[in-house]
Amino acid sequence: MKWLLVFLFLISPALAQSTDPDKPTPLTSSVTGTSSGGLSDEKTYYYAFMVNKGTLTLTLDVTPLDKSDGGGIVQWTLLDSKFAKLKYDNLAAQGTPQRQVKDLPVTIKRRIILKLTVSGNIDYKLQTGGSAVKL
């Protein structure tokens with residue numbers, strides 16, 4: 001039992017999503033989660049990753065948990081290391097799943113901070129890819 005608690009303690013930071021912009025969670029290849037509640041119940045998370053010159057592809061899937069309610073929305077913002085906005089977009093889903101794929105040119109090697117705000121009653125998955133991704 002002791003070993004299980006120690007193991008869970010050691011892996012819990014890796015599973016946590018940071019709500020602190022000064023300590024963003026290192027991004028692997030994707031972010032998945034569930035939001036429950038109303039559209040006004042926003043939760044904001046921060047992730048960081050490195051990019052090289054090339055193309056950054058972001059794929060966002062949003063699936064409503066209940067086809068009869070208001071669904072939900074995922075808003076994403078790419079920020080530089082000084083929190084200047086580089087790109088913003090959002091995707092809402094009500095009744096049926098929605099997908100958004102964005103190819104973004106990257107002209108310099110840099111650290112990117114991803115600000116992800118979710119609300120409503122949804123499952124979501126945001127994947128990074130493309131030639132610019134350096135995970």
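Asp89 lies in strand S6, which spans residues 85-93, in a model that is predicted. With a relative accessibility of 15%, Asp89 counts as buried, because the cut-off for that class is under 20% relative accessible area. Once its neighbours within four places in sequence are left aside, Asp89 is in contact with Val74, Gln75, Trp76, Gln100 and Lys102. The C-alpha atom of Val74, a residue 15 places from Asp89 along the chain, is separated from that of Asp89 by 8.6 Å, while the side chain of Lys102 makes a polar contact with the Asp89 side chain at 2.8 Å.

Not counting residues up to four places away in sequence, Asp61 touches Gln98, Arg99, Asp123, Tyr124, Lys125 and Gln127.

| Aspartate side chain | Partner side chain | Polar contact distance |
|---|---|---|
| Asp89 | Lys102 | 2.8 Å |
| Asp61 | Arg99 | 2.7 Å |

Tyr124, one of the residues touched by Asp61, belongs to strand S9 and stands opposite Gly33. Strand S9, residues 122-129, runs antiparallel to S2, and six bridges join the two strands. In a regular strand the side chains alternate between the two faces of the sheet.

Technical notes
Residues are numbered from 1 along each chain as its sequence is written. This is a predicted model: local features need pLDDT of at least 70, side-chain atom pairs count only at pLDDT 80 or more; totals for chains, interfaces and linings use all residues. Side-chain values use heavy atoms; hydrogens and water are left out. Two strands pair if DSSP finds at least two bridges between them. Helices (H or I, at least four residues) and strands (E, at least two) are DSSP runs, numbered from the N terminus. Buried means under 20% relative accessible area, exposed over 50%, partly exposed in between (1.4 Å probe, protein chains only). Contact means heavy atoms within 4.5 Å. A polar contact is a pair of N or O atoms within 3.5 Å; within protein, one must be able to donate a hydrogen and the other to accept it, and residues adjacent in sequence count only if both atoms are side-chain atoms.
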